[in-house]
Structure formats: structure tokens, C-alpha cells
Amino acid sequence: ENNIHLTNNFYLDEPKLRNLFSSWRYRSLKGNRDSEDLSFNENLTIDHTEHLKTSYSYNFSDKTVESIGTKKNDLEFNLNHQLYESLFSRLNLLTRFTDSTSFDEQQRGASINEDYQKKMGLAYLDLGAGYAYEYQDRETFDNIVNITDESLVLTDSQTNLLREIDIDTSTIVVTDSGGTITYVKDIDYQIITNSAGQVEVRRIVSGIISNNQTVLADYLVRSNPSFDYSSTEKTMRFGLSFFERALKFYSRRKLRDFPSGKNEKTIILKDIDEIIYGVEWRKDLLNFVVEYQDYETDYSPFDSLRMSADILWPISSISSLRFNAIQNHVNLPEENRENYEIRGEYSLRLSRSASCNAGAGHRWQKGQGINLKDFVSRLNYRSYVGKLFFEVGYEYEKEKSLNDLLINHYIYTKFKRDF
């Protein structure tokens, strides 16, 4: 692997109201799957007034994977405005052009969001609404279409479907969001094809992909899916807080539909009606959240109940103890999933520049084809010497999944130098 990354952050005026951020990156990978990736980014941010800010960005990428090339050009505009102390407005405009070996694609979209905050006696009221419109048009030139860098969030409580239909599953490659780590099928993730031909990427808990992590997927589509469609998304938010925002009751709703399209059945378009209700307590040493989610869609609807608690105990001026517990129940059409996690960590500050941390955790997960029990303990030492950061640690893991038992010992070191 060869990786070169250059960034520059420059203020165009002395009051520092106009900022230009530039980034250039080149990466090449040689091995079973050769690839080259060149990307360039320019982002200009302007503070017009105390309450008005705009940003303008251009992104270019040229990626080649196994002689198949894809070029992308993105133009984006953002506006943020605050009216008095209560009303916050956000406007986004986006245009994207994709030029690939097997297809051309255009994407245009706009969104606007309004948030209102008001103190009413002992309570705080939060209201919000948003609307987004997107149009996408793809024209293909071959019976085989190469899809690169499709973004996907792998969430245990959802069915994570790839967008295309008639996928050659043997060509699926999953990487991290930066494209530097290639995950291993049947160790880090599973590929599941349902009766309708839709392909799901499901993370394996014992792998190195974390819950709610964004990954990128590359694959080949065996059909000729030319299409165009438009979509709209409406969001509504409500919150009511008490005791200086320590106790909050909230609700969110998202409605997404596709009013028009041509050959849109060649990809997976999900009409969505999602409602979330929750209550949280965030004060001093205790954070507690209970949240219910009802996710109605054409493909794999579900509902889930999630509870989490986080307790921080400052034992002394140089040491602290933290406990965290998570419980999650998910009801899917074909299965139910349960997830439990308990973690604890002790931190000791040895000096102004050095600390020692010890922690342990236990995790259980049950579901279709899943019966996992995982215990992890770790110990590390961290130190700063000027601009140099150093860490050395040991980690022990004992994992039992179905009838398989795995025990791992890790010893690692980390170095970082600030310039």
C-alpha cells in the first residue's frame, strides 16, 4: 500500500472570517485486488455575520479497481442562519456527476431544515422540520455494471440492503469508509440473499466491524439497470426538556417516498415511515436513555427497544471509574435479535502527561444463526512527551459463538507525532 495525504488550512483575511481548506490524497493498493485512488477537495467557509455562515465545496475523485475506472465530481453549497436565539435554518444544495467505465450518473438534491428552541418557564421546547428532494439519473453502456464505494451503515437492529438488484454476490468487496481496510467475508460480515433477490450485508459481531459503522461496498450488477427517479423526505422533531435540560422527552418522524421514476424497479427504493420515541436523563454522573423505534418500510420493517445507562464515579482527583450497560431488543419479520453489553473502566492519572487505564466487558447477542458470548479485558499505558504520543497495551478476548471457542491475546504499541 502507498498512501500520500496532504492538507492545508488557510485563512484568507485577518479577522479569520473566510477559511479555505484543501485536501489532496493518492492511494494505491497492490495484491489480490489492485486499486488506485486520487481525490481532491476544496472547501471555502465564509462567516458573513455572527448569525449567517455559508460554505462552498468541490470534491473530485478518480478511482480504478481492476482496470474499471470511476470519476466523481461533487459541488455542494451550505447556508446556516440563526434568527435571534430561537430559530436555526439550514439549506443544502448538491450536484454530483459520475463517469464510470460502464455507466454515467447524475444526482441533484436540495434540503432545508428549520429548528426552533424556546424556554417556557421551567421547560425547554425543541421543534424541528425538514424537507429534502433528490433526483437521480443513470445511463448504462454494458450488461455488466461496476458499482464502487456504495456507502452503507451496518446496524444490528436493521436489515442493511445494497441498493441494486441482480448482484453478482461473488464480486462484493467491503471496506472501511476510508477504503484502507478490506474486511473478510464470513469473518467480519455475511452476505445474505432473500427470496426477492435483495442482498443484505450483515456484520458479524465477533469481527472488527463495529455496530453503526459506515462501510463501502464494491460489486458487479449482472443486469442493465438504467433508471431515473425522484425522492422526497420529510422529517419532524419534537423535544421537551426539564431541570435545565437534564430530563428530555423526544420524538422524531421520517417519511420518505418516490413520487416518480423510470425503470426504478431495477434498484431497491424503500418507502419509509419511521417514528422514534425516547426519554433521556443526562446530568452530572448519570446518563440514562430509553428509546423505542418503529421502522415501517416495503422491505424488512422492524421495531426495537433500546436502553442504555452510563455512570461515572470520580474516586479521587486523579482516578475515576466508569460503568456502561446497553440492552437492545429488535423484532424483525423473520427473527428476533437481542443484544446485551456491560463494560467497566478504571482510569488513573500518573502525572500531567501519563495515565494508566484498565477495563473489562461482557457481551451477549442472540438471533437467527447468532449465539455469541464475548469477554474482553484490556490494560494500557499512555504518555505525552512534547508533541509525541505513545501508548502500549495488552488485550485479552474470550469469545464463544455457537460451538466455536476463540481466545485471543494482543500486545500493541501506538506512536503519533504532531507537527
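Start by selecting Lys63, Asp149 and Asp218, which a network of salt bridges links together. A salt bridge here is a side-chain nitrogen of Lys or Arg within 4 Å of a carboxyl oxygen of Asp or Glu. With this rule, the count is 22 salt bridges.

Before you click further, note that this is a predicted model, in which local features need pLDDT of at least 70 and side-chain atom pairs count only at pLDDT 80 or more, while totals for chains, interfaces and linings use all residues. Residues are numbered from 1 along each chain as its sequence is written, and side-chain values use heavy atoms, with hydrogens and water left out.

**Stop 1: three pairs**

Select Lys53 and Asp47. These two form a salt bridge, and their closest N and O atoms are 3.8 Å apart. Lys53 is partly exposed at 37% relative accessibility, and Asp47 is partly exposed too, at 25%. For these labels, buried means under 20% relative accessible area, exposed means over 50%, and partly exposed lies in between (1.4 Å probe, protein chains only).

Now pick Arg337 and Glu200. Their salt bridge has its closest N and O atoms 3.9 Å apart. Arg337 sits in strand S20 (residues 336–349) and Glu200 in strand S12 (residues 199–203), so this pair ties together parts that are 137 residues apart in sequence. Strands are DSSP runs of E with at least two residues, helices are runs of H or I with at least four, and both are numbered from the N terminus.

Move on to Arg253 and Asp273, a salt bridge whose closest N and O atoms are 2.9 Å apart. Arg253 belongs to strand S15 (residues 247–262) and Asp273 to strand S16 (residues 272–283), so the pair ties together parts that are 20 residues apart in sequence. Color them by accessibility if you like: Arg253 is partly exposed at 34%, and Asp273 is partly exposed at 25%.

**Stop 2: Asn113**

Next, select Asn113 in strand S7 (residues 103–120). Asn113 is buried, with a relative accessible area of 17%. What is in contact with Asn113, leaving aside neighbours within four places in sequence? Show Phe88, Ser89, Arg90, Ala129, Gly130, Thr235 and Arg237 to see these partners. Contact means heavy atoms within 4.5 Å.

**Stop 3: the cavities**

On a 1 Å grid over the protein atoms alone, a cavity is a set of points where a 1.4 Å probe fits but cannot get out, and lining residues have an atom within 4 Å of a point. Points are joined across faces, edges and corners, and a volume is the space filled by probe spheres set on them.

The largest cavity holds about 70 Å³ of space. Select its lining: Arg27, Leu29, Arg33, Ser35, Glu36, Asp37, Lys63, Thr175, Gly179 and Thr182. Strand S3 gives the most to this lining, with three residues. By class, the lining has one nonpolar, four polar and five charged residues. Ala, Val, Leu, Ile, Met, Phe, Trp, Tyr, Cys and Pro count as nonpolar, Asp, Glu, Lys and Arg as charged, and the others, Gly among them, as polar.

The second largest cavity has about 60 Å³ of space. Its lining includes Arg337, already seen in the salt bridge with Glu200.

How values were computed: On a 1 Å grid over the protein atoms alone, a cavity is a set of points where a 1.4 Å probe fits but cannot get out, and a pocket is an open set with protein on both sides within 12 Å along at least five of seven lines; lining residues have an atom within 4 Å of a point.
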